Amino acid sequence: MRTLRLLSVTACMAALMLATSCSSSKGLGRQRGDQQSEQTANQSKKKSSSASFAAQTSDLTDSVQRQTFLQHVNDNAQFARFITSKIKFSVEVGNQQMTLTGNLKMKRDDVIRLQLMAFGFVEAGRLEFTPDYVLIIDRINKQYLKVPYSQLDFLRNSNIDFYVLQSLFWNELFQPGKTRLLDSHLKSFRAEAGADDDVVIALEDGKLSYRWLADHSEAQVKMANIKYEDKYRGNYQLNWDYEDFRKEDGRSKAFPMTHKVIFNTPKKDIKFDMVLNYLGSEDNWETRTELSGKYRQVEIDEILRRFMAL
């Protein structure tokens, strides 16, 4: 069944690493002429502010300007407590591609939840990340997997915990082992000019290398990359691209409506796309999933075997 195959892929992806927006717009009750005038004024102000900031950080070889740029990137992090949206969710493995709609619900420092819907209204599966565990639910077969991050090889080897995943989903810089990235932590990062108007931000940690690509003018993270190198077991790489930045729901900071993820392993490449329909802040939902006795817990190997059999 198409839905079951998708669940196998997404479940394995979550176990291994853990993925043109049609955003809905809300009317503001203004005349079109007023909107265009305000938009033009905002664009001019934005360009002026960006040009001023770029001028202040034009020389990234200077430690003060480099630190100023990194602080500005860090300041672009969302301060909202909740981010919610309807999403279009797709996974591609080899020549197989599967797509479902669903819901994204996130609460800062507490939970990341992806609900996958079959036929547009029936929940077929759920991925839930909390600071303590990863929960993968197969609603159709009444099965689930609930494990700490230490039991998932790639997450453990790549030093990825809930707070790193949160930073990836929330489009932020991060430092493994830190629950929150402070300006004082930024001294561990390097920043140097890249192609065009981009800046490459780097952090090294043994076999692990972390890279971000940020726009120099806006100091907005456009890409995050984690690479784990092991000469015996092979290399693993996670690349997370952010596109279509928008300000919605009264937010003052832009958020990427399109997330494109590629996970490279020695045996397979997995592509995961997530497109948000809007940017909401609903808070009237339970942050922990409770399962009835009808669900059976399965082992990691069982989910991996189903995936590898595709």
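Okay, let's start here: Glu123, Arg126 and Arg139 are tied together in a network of salt bridges. By salt bridge I mean a side-chain nitrogen of Lys or Arg within 4 Å of a carboxyl oxygen of Asp or Glu. Side chains of opposite charge can pair when their charged atoms come close.

Before I go on, a word on what you're looking at: this is a predicted model, where local features need pLDDT of at least 70, side-chain atom pairs count only at pLDDT 80 or more, and totals for chains, interfaces and linings use all residues. Residues are numbered from 1 along each chain as its sequence is written, and side-chain values use heavy atoms, with hydrogens and water left out.

In the salt bridge between Glu123 and Arg126, the closest N and O atoms are 2.9 Å apart. Are these two buried or exposed? Glu123 counts as buried at 18% relative accessibility, and Arg126 is buried too, at 10%. The cut-offs are under 20% relative accessible area for buried, over 50% for exposed, and partly exposed in between, with a 1.4 Å probe and protein chains only.

How many salt bridges does the structure hold? There are 13. One of them joins Glu204 to Arg211, with the closest N and O atoms 2.5 Å apart. Here Glu204 is partly exposed at 41%, and Arg211 is partly exposed at 25%. Another pairs Asp230 with Arg233 at 3.5 Å.

Now for the lysine. Where does Lys253 sit? You'll find Lys253 in the loop between strand 11 (236-246) and strand 12 (255-264). Strands here are DSSP runs of E, at least two residues, and they're numbered from the N terminus. Leaving out residues up to four places away in sequence, Lys253 touches several residues, including Asp75, Phe79 and Arg246; touching means heavy atoms within 4.5 Å. What does the Lys253 side chain reach? The backbone oxygen of Asp75, at 2.6 Å, and the backbone oxygen of Ala77, at 2.8 Å. And Ala80, 173 residues away along the chain, has its C-alpha atom 9.6 Å from that of Lys253.

One last stop: Val122. This residue is in strand 4 (residues 122-129) and is partly exposed, with a relative accessible area of 37%.

How values were computed
Helices (H or I, at least four residues) and strands (E, at least two) are DSSP runs, numbered from the N terminus. A polar contact is a pair of N or O atoms within 3.5 Å; within protein, one must be able to donate a hydrogen and the other to accept it, and residues adjacent in sequence count only if both atoms are side-chain atoms.
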